[in-house]
Amino acid sequence: MLVHEFRPGRLILGSAALTLAALFAGDAAGAWSVAWYVVFPVLCGALGLAAVASWTAYRVRRRSASRASSDSTGAPASSSGSQAMR
């Protein structure tokens, strides 16, 4: 059982943030040189990929939920509503 649902957009953005942190940590340590403007294309690319991944995951979840709800069309209506409490 999963504790929470999978969010691919957050995974992509987190990976991009960790990549940028590693790049600038290496720059601060003197291992290599990274230009300051590298942040913008990496973050913009990650935001675009995260948007596409989140939208795709949303569509997949919505399609699987509608498929699951259409399987129970022959089930009787629930009696747990306010109309049953008379």
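Arg 7 forms a salt bridge with Glu 5, and the closest N and O atoms of the two are 3.0 Å apart; the term salt bridge stands here for a side-chain nitrogen of Lys or Arg within 4 Å of a carboxyl oxygen of Asp or Glu. The model is a predicted one, in which local features need pLDDT of at least 70 and side-chain atom pairs count only at pLDDT 80 or more, while totals for chains, interfaces and linings use all residues. Residues are numbered from 1 along each chain as its sequence is written, and side-chain values use heavy atoms, with hydrogens and water left out.

Glu 5 also takes part in a salt bridge with Arg 61, where the closest N and O atoms are 3.8 Å apart. Because Arg 61 lies in helix α2 while Glu 5 belongs to the segment before α1 (8–29), this pair ties together parts that are 56 residues apart in sequence. Through shared partners, the salt bridges join Glu 5, Arg 7 and Arg 61 into one network, and the count of salt bridges by this rule comes to two. The helices named here are DSSP runs (H or I, at least four residues), numbered from the N terminus.

Arg 7 and Ala 53 are 46 residues apart in sequence and 8.6 Å apart in space, C-alpha to C-alpha. Trp 55, which lies in helix α2, is 47 residues from Pro 8 in sequence and 9.6 Å from Pro 8 in space, again C-alpha to C-alpha. With a relative accessibility of 55%, Trp 55 counts as exposed.

Helix α2 covers residues 39–70 and includes Arg 59, a residue that counts as partly exposed at 40% relative accessibility. Arg 59, Arg 62, Arg 63 and Arg 67 form a positive surface patch. A patch is made of residues with over 30% relative accessible area and no salt bridge, like charges being joined within 9 Å and nonpolar side chains (Val, Leu, Ile, Met, Phe, Trp, Tyr) within 5 Å.

Which residues form the aromatic cluster? Trp 36, Tyr 37 and Phe 40 make up one such cluster, and Phe 40 is found in helix α2. The count of aromatic pairs comes to two, where rings of Phe, Tyr and Trp (its six-membered ring) pair if their centres lie within 6.5 Å, with planes under 30 degrees apart called stacked, over 60 edge-to-face and the rest tilted. The rings of Trp 36 and Tyr 37 have centres 5.7 Å apart and planes at 85°, so this pair is edge-to-face. Trp 36 and Phe 40 form an edge-to-face pair as well, at 6.1 Å centre to centre and with 90° between the planes. Both Trp 36 and Phe 40 are exposed, Trp 36 at 63% relative accessibility. Trp 36, Tyr 37 and Phe 40 also form a nonpolar patch on the surface, with about 430 Å² of accessible area together, an area that comes from the Shrake-Rupley method with a 1.4 Å probe.

Technical notes
Lys and Arg count as positive and Asp and Glu as negative; His and the chain ends are not counted. The place of a charge is taken as NZ of Lys, CZ of Arg, CG of Asp or CD of Glu. Helices (H or I, at least four residues) and strands (E, at least two) are DSSP runs, numbered from the N terminus. Buried means under 20% relative accessible area, exposed over 50%, partly exposed in between (1.4 Å probe, protein chains only).
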